[in-house]
Amino acid sequence: MRSQHYKLGFFLFLLFFGPMASLADPAFVGTYGINYGRIADNIPSPDEVVTLLRSAKIRNVRIYDADHSVLTAFSGTGFKLVIGLPNGFLKDMSSNASNAMSWVKDNVQKFMPGICGVAIGNEVLGGSDVELYGALLGAAKNIHSALNQLGLSDAVQVSTAHSQAVFSNSYPPSSCVFAENIAQYMKPLLQFFWEAGSPFCLNAYPFLDYMNDPASIDINYALFQKTKGIFDPKTELHYDNMLDAQIDAAYAALEDAGFDKMEVIVTETGWASKGDGNEAAATPENARTYNFNLRKRLAKKKGTPRRPKNIVKAYIFAIFNENLKPGPTSERNFGLFKPDGSISYDVGYKGLKSSTADSVVMSLKDFPAQGLLRSYQFVWTICTLMNSRMKIQGS
């Protein structure tokens, strides 16, 4: 009977005090995450987004800046939040360590625990602003140094996301290497991230590859549908979907650069539900098929043909359609949810709605505000009452 009392008390302790140990959690929980883009004037408030994602049971979230209204809404909620240092900050952060320290104090330290990563820029290498190539590494080093000085480097991972523009010869996957004009910047960057324990972050879009060459690519291969796939003659590996091939192409490039042990994480992937006249594949049906099948693929917790032991992890792009994004129509239509919080198409999630459970079950955000002592007293009271009840029943 005593062991049952102990187990009950231990369970309640973990239930209520588990969030306090979040600093020891990994930067990515499970296999599924989502990007929270906000280039829109018609989407729900950050507090409503927290409710939406909690209902969907999505814990890993990336944003592209460090907006304090978002950080406040997510603070103490138990989500694993990666914030972004926008590209426009890179030159300043690279050249001025004190500014990097101020930025970390204002945007990371103030909102701990809960922030698990800082993304230094987005798709810098291979992008159009060549002047930022040289600033990327310096900014990453100064942000990481500031985190280290504040005792946060073990809890907050520094990384940067790359587009497929950094690669050359990516078909078949085993032939992939880093582009010649990128390699001189990429190798020292990889060395730094390897020493810091960070993964290689890849924005991978089968949608874009298919759109670039629809005559040569089977759309079923891009959508995780049944297909003959492709065969890589060098490795003798078979690929039944394009995302796995894109990930393994990144692994091949990393091996060629001397970083064969670095993990690849997909930081963006998705499919547009609407497009221009020349974007025929951007339909609600294809978007639902891709995102539904992707979710099933990630739930299997398996690796790729080249790295079967490295479980694939991916952040979906994105929560909402963003009506103010520039570019083709597809850019504004990657959301799983519409601006009012309802679902764009059914992949197994529910839209925003009130829940009676919210009024009787404490959220992780509200609970710590009551204070450690009162929290302990509450758990102790519950344990005491249950213990007394079990004694009576056993007498």
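Biologist: Let's start with Asp-67: what relative accessibility does this residue have, and what does it count as?

Modeller: Asp-67 has 29% relative accessibility and counts as partly exposed. Buried means under 20% relative accessible area and exposed over 50%, with partly exposed in between, using a 1.4 Å probe on protein chains only. Keep in mind that this is a predicted model, where local features need pLDDT of at least 70 and side-chain atom pairs count only at pLDDT 80 or more, while totals for chains, interfaces and linings use all residues. Residues are numbered from 1 along each chain as its sequence is written, and side-chain values use heavy atoms, leaving out hydrogens and water.

Biologist: Which residue does Asp-67 form a salt bridge with?

Modeller: Arg-38, with the closest N and O atoms 3.8 Å apart. A salt bridge here is a side-chain nitrogen of Lys or Arg within 4 Å of a carboxyl oxygen of Asp or Glu. Asp-67 sits in the loop between strand E2 and helix H3, and Arg-38 in the loop between strand E1 and helix H2, so the pair ties together parts that are 29 residues apart in sequence. Helices (H or I, at least four residues) and strands (E, at least two) are DSSP runs numbered from the N terminus.

Biologist: How many salt bridges are there by that rule?

Modeller: Eight. In another one, Arg-307 pairs with Glu-255, with the closest N and O atoms 2.6 Å apart. Arg-307 is in the loop between helix H11 and strand E12 and Glu-255 is in helix H10, so this pair ties together parts 52 residues apart in sequence. Arg-307 is buried, at 17% relative accessible area, while Glu-255 is partly exposed at 30%.

Biologist: You mentioned H10. How many of its residues are buried?

Modeller: 14 of the 16, so H10 is largely enclosed by the rest of the structure. At its start, a side-chain oxygen of Asn-241 comes to within 3.2 Å of the backbone nitrogen of Leu-243. After H10 comes Gly-258, which has a positive phi near 95°.

Biologist: Then which side chain does Asp-232 make a polar contact with?

Modeller: The side chain of Ser-174, at 2.8 Å. A polar contact is a pair of N or O atoms within 3.5 Å; within protein, one must be able to donate a hydrogen and the other to accept it, and residues adjacent in sequence count only if both atoms are side-chain atoms. Asp-232 itself lies in strand E9.

Biologist: What about Tyr-133: buried or exposed?

Modeller: Tyr-133 is buried, with a relative accessible area of 7%. This residue is found in helix H6, and a polar atom of its side chain lies 2.7 Å from the backbone oxygen of Gly-127. Not counting residues up to four places away in sequence, Tyr-133 is in contact (heavy atoms within 4.5 Å) with residues including Val-124, Ile-182 and Tyr-185.

Biologist: Last one: how many helices and strands does the protein chain have?

Modeller: 13 helices and twelve strands. Of the 395 residues in the protein chain, 48% are buried.
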